[in-house]
Amino acid sequence: MSADDHRAALRRAETAVTGLRAVRGDRWYPRFHIAAAGGWINDPNGLCYFGGRYHVFFQHHPFGSAWGPMHWGHVSSADLVTWRREPIALAPSLEADRDGVFSGSAVVDDDGNLVVFYTGHRWRNGVDETDGNLQVQCMAVSRNGVDFDKRGVVVTGPAELPHFRDPKVWRTGDRYFMVFGACSATRRGEVWLYHSADLAHWEFDRVLYQDPDPGVYMLECPDLFALGEHWVLTYCPMGAEPDGYLFRNGHNAGYVVGDWAPGSDFRPLTGYQVGDWGAEYYAPQSFSAPDGRQLSFAWMGQFDYRIVTADDGWCGQLTIPRELSLGPDLRLRSRPAAELTALRRNSVDHGAFELGRNEDRVLLSRGGECCEIELTVDLRAGTAERIGLAVNHTPGGHETLVAYDDLARRVLLDRRSTGFGERGYRSAPLNTDELRLRVFVDRGSVEVFIGDGAATLSSITQPADGPRSVQLYCESGTAAVTGLVVHRLRSGWEQD
């Protein structure tokens with residue numbers, strides 16, 4: 001197929017999104033999280049800084065609000081805060097990607113071009129993956145970061161691999177490297193490494209990592225990047241069984257920390273660590289900002305059950321951008337990008353105070369659908385068994401709880417009474433005597449950052465109808481609040 005075929009496919013996709021946008025329901029549509037104007041999205045792709053702007057591409061089905069043949073949607077920003085919608089970047093148009101332009105990444109070449117790599121996907125039987133997949137890695141090039149020229153297949157893996165996808169590319173020294181997720185011929189989840197001198201010709205380097213759990217058959221969306229003296233390998237293990245608080249989601253994301261250098265094996269220094277303890281956090285991808293920070297986005301969505309926003313003509317969003325660092329304990333710290341403070345409007349500082357036994361206190365009576373709460377509590381100075389926030393609180397009594405449970409010594413995000421959609425709770429451990437939370441509430445999601453970012457909780461929410469308030473509460477005791485600030489947040493869309 002020709003470049004004209006690709007342009008025609010992109011036009012059809014844009015027309016479809018315009019139609020979905022015209023009828024889109026916005027009761028849960030995000031005001032400061034990235035989502036498509038209409039249709040389905042999942043994994044973030046091609047994250048980069050290019051031409052003076054941050055670029056975020058994402059897996060996108062523009063013809064409906066359920067998963068379908070994948071395209072690459074695209075937004076960009078000058079500041080990581082205000083986002084502009086760009087034309088859909090990639091659509092199926094080649095034999096190699098006839099059933100989907102799957103996930104991938106971006107790198108800037110020596111000529112100043114933006115080069116993206118993606119998995120060209122085909123069903124072996126032309127219908128579904130019952131008989132396996134045909135997956136190859138493809139390249140496309142852009143001079144302006146918006147319009148792409150497909151260059152075709154650059155890596156063809158062994159034919160016996162049932163899964164071989166999600167290329168993440170970076171440069172170290174004078175060579176480029178690429179990691180993929182793979183399901184080996186013996187159905188073990190692995191990360192494979194290739195290298196190249198020119199981005200067009202790639203050589204197999206080695207199997208970089210194999211998940212020690214024989215039940216894990218695939219490692220999706222791998223990413224390898226340096227933080228300080230060590231390297232972090234993030235990935236999404238498929239097939240892991242629930243174990244206590246671990247692997248409770250159908251799709252989980254985590255990481256190991258180790259040592260690596262070009263030409264050598266990856267030497268793990270830790271076991272598997274949880275990337276986020278929430279119900280919807282998957283396919284994280286990182287990139288380097290111009291100032292050297294390692295930034296990351298992930299997908300907030302699900303394949304395991306139907307999300308009710310599909311009824312509104314759209315489904316799925318990304319997390320807010322996060323700054324990554326590595327603590328002395330070799331645990332990944334994930335903090336909200338510093339730029340996000342520019343979203344704040346009409347902040348109210350409640351100072352320090354004691355919350356009485358079983359007391360509830362209203363922090364926002366209205367406008368709680370788009371806010372950030374900073375809460376600090378001295379747990380040694382209080383007696384409450386539970387202290388927390390009721391967000392998405394409506395006059396009918398519906399609410400989402402973000403709270404510290406002193407019996408379990410964990411921070412929880414509980415959707416039991418939210419209103420619509422999936423229920424249940426998720427929780428993260430707390431190992432200090434000070435509770436410090438930053439909670440980001442958007443129309444249809446809650447993200448919780450604990451302490452210095454050593455733990456996070458990210459979940460989709462579908463609150464009940466009506467004005468949404470924010471309340472502080474404690475149970476079976478008192479609470480010593482040492483700091484509490486509530487910020488209303490503006491929209492992050494340039495126009496919509």
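Predicted model: local features only at pLDDT ≥ 70, side-chain atom pairs only at ≥ 80, totals over all residues.
In β37, V470 is the bridge partner of L364, a residue within the range of strand β26, which covers residues 360–364. The chain that holds these strands contains 1 helix and 38 strands, and its radius of gyration of 22 Å is close to the 23 Å that the globule rule gives for 496 residues, so the chain is as compact as a globular protein of that length.

**Strand β37 and its partners**

- Strand β37 spans residues 469–475, and because 6 of its 7 residues are buried, the strand is largely enclosed by the rest of the structure.
- With strand β26, β37 pairs in the antiparallel sense over 4 bridges.
- Strand β28, made up of residues 386–393, also runs antiparallel to β37 and is joined to it by 6 bridges; L389 has L472 of β37 as its bridge partner.

**Overall dimensions and packing**

- The C-alpha trace of the chain spans about 70 × 50 × 45 Å along its principal axes.
- Of the 496 residues in the chain, 61% are buried, where buried means under 20% relative accessible area.
- When contacts between residues at least 6 apart in sequence are considered, 60% of them join residues at least 24 apart.

**Surface and charge**

- The chain exposes about 18700 Å², of which carbon and sulfur atoms supply 47%.
- The chain carries 50 positive and 66 negative charges, and the mean positions of these two sets lie 3 Å apart.

How values were computed
Residues numbered from 1 in each chain as written. Heavy atoms only, no water. Buried < 20%, exposed > 50% of the residue type's maximum accessible area, 1.4 Å probe, protein only. Helix = DSSP H or I, 4+ residues; strand = E, 2+ residues; numbered from the N terminus. Pairing = 2+ DSSP bridges. Rg over C-alpha atoms; globule rule 2.2 N^0.38 Å. Contact = heavy atoms within 4.5 Å. Areas by Shrake-Rupley, 256 points an atom, 1.4 Å probe, with all protein chains shown as cover. Lys, Arg positive; Asp, Glu negative; His and termini not counted. Charge placed at Lys NZ, Arg CZ, Asp CG, Glu CD.
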